[in-house]
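Trainee: I am new to this structure and would like to go through it step by step. Could we begin with the strands and move on from there?

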Amino acid sequence: MILEPVPPYWPSHFRIKFATGAWERRACAALRRQVFCVEQRIFTDDDRDAVDAHAIPICALSTLGGDADAVVGTVRIHEGQARPGEWWGSRLAVAGPFRGTAALGAGLIQVAVSSARARGCTRFLAHVQDRNVALFKALHWTSLDAVDLHGRRHHLMQADLAAYPPMHDPEHGLVTFRKAA
């Protein structure tokens, strides 16, 4: 079992953006393995699948002295093969010590949907674990159906695109701040 250390500091802000560097992509994959294989035990050794070959990884970076120092959140997006304009988000994960500290999940969702909109998205969908449905509903998503995936209850959910203006520069992304104690 991999234990996540409590950071010796709490960053004042986080940058949420496309994972453009090789270290960012590697750290996104490691965080996904930690969350989906070790913590949740949804997958055995690795959660990678065929979608990863064409998905765009997005990362939430903690900062130290203004420079990115660690990936503390991730999600991937991709355009569906069957329907042009239909985009999907999946594998949303936030490192344990950072859950609930800076709205990282909401920021990852915002960059995911807004950047897809800038690329021609006309519909954005995700299979959301049951325990995260309330967050998505608060962020202007609608549940279309309940389904079982990987032995867990999920909801097929759709984003209200009107709530997500296009983001034309997701390589730089957005900044979110740590909640006050």
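Mentor: In strand 3, Asp-67 is the bridge partner of Leu-64. Helices (H or I, at least four residues) and strands (E, at least two) are DSSP runs, numbered from the N terminus. Please note that this is a predicted model, in which local features need pLDDT of at least 70, side-chain atom pairs count only at pLDDT 80 or more, and totals for chains, interfaces and linings use all residues. Residues are numbered from 1 along each chain as its sequence is written, and side-chain values use heavy atoms, with hydrogens and water left out.

Trainee: In which sense do strand 2 and strand 3 pair, and over how many bridges?

Mentor: Strand 2 and strand 3 pair in the antiparallel sense, over nine bridges. Two strands are said to pair if DSSP finds at least two bridges between them.

Trainee: And how many bridges join strand 3 and strand 4?

Mentor: Six bridges join strand 3 to strand 4 (residues 86-94), again in the antiparallel sense. Gly-73 stands opposite Val-94 of strand 4. The hairpin of these two strands has six residues between them, and there Gly-85 takes a positive phi near 90°.

Trainee: Turning to helix 1, how many residues does it have?

Mentor: Helix 1 has 18 residues and reaches 25 Å from its first C-alpha to its last, close to the 26 Å expected at 1.5 Å a residue. The expected span is 1.5 Å times one less than the number of residues in the helix. Helix 1 is followed by Arg-41, which has a positive phi near 55°.

Trainee: Which residues of helix 1 are buried?

Mentor: Among them are Glu-24, Cys-28, Leu-31, Arg-32 and Phe-36. Buried means under 20% relative accessible area, exposed over 50%, and partly exposed in between (1.4 Å probe, protein chains only). The cover over the buried residues of helix 1 includes strand 1 (13-18), strand 2, strand 3, strand 4 and strand 5.

Trainee: Which residues have the most contacts inside the largest nonpolar core?

Mentor: They are Ile-16, Ile-58, Ile-77, Leu-104, Val-113, Phe-124 and Trp-141, in a core of 45 residues. Helix 2 gives the most to this core, with seven residues. A nonpolar core is a set of buried Ala, Val, Leu, Ile, Met, Phe, Trp, Tyr and Cys residues joined through side-chain atoms within 4.5 Å. In soluble globular proteins, nonpolar side chains tend to be buried together.

Trainee: What does Ile-16 touch?

Mentor: Not counting residues up to four places away in sequence, Ile-16 touches residues including Ile-58, Leu-104, Leu-108, Val-111 and Leu-174. Contact here means heavy atoms within 4.5 Å.

Trainee: Next topic: how many salt bridges does the structure hold?

Mentor: The structure holds 13 salt bridges. A salt bridge is a side-chain nitrogen of Lys or Arg within 4 Å of a carboxyl oxygen of Asp or Glu. One of them joins Asp-46 and Arg-33, with the closest N and O atoms 3.8 Å apart. Asp-46 lies in the loop between helix 1 (22-39) and strand 2 (56-64) and Arg-33 in helix 1, so the pair ties together parts that are 13 residues apart in sequence.

Trainee: What about Arg-76, with which residue does it form a salt bridge?

Mentor: Its partner is Asp-49, the closest N and O atoms being 2.9 Å apart. This pair links distant parts of the chain, 27 residues apart: Arg-76 is in strand 3 (residues 67-79), and Asp-49 is in the loop between helix 1 and strand 2.

Trainee: Are Arg-76 and Asp-49 buried or partly exposed?

Mentor: Arg-76 is buried, at 4% relative accessibility, whereas Asp-49 is partly exposed, with a relative accessible area of 33%.
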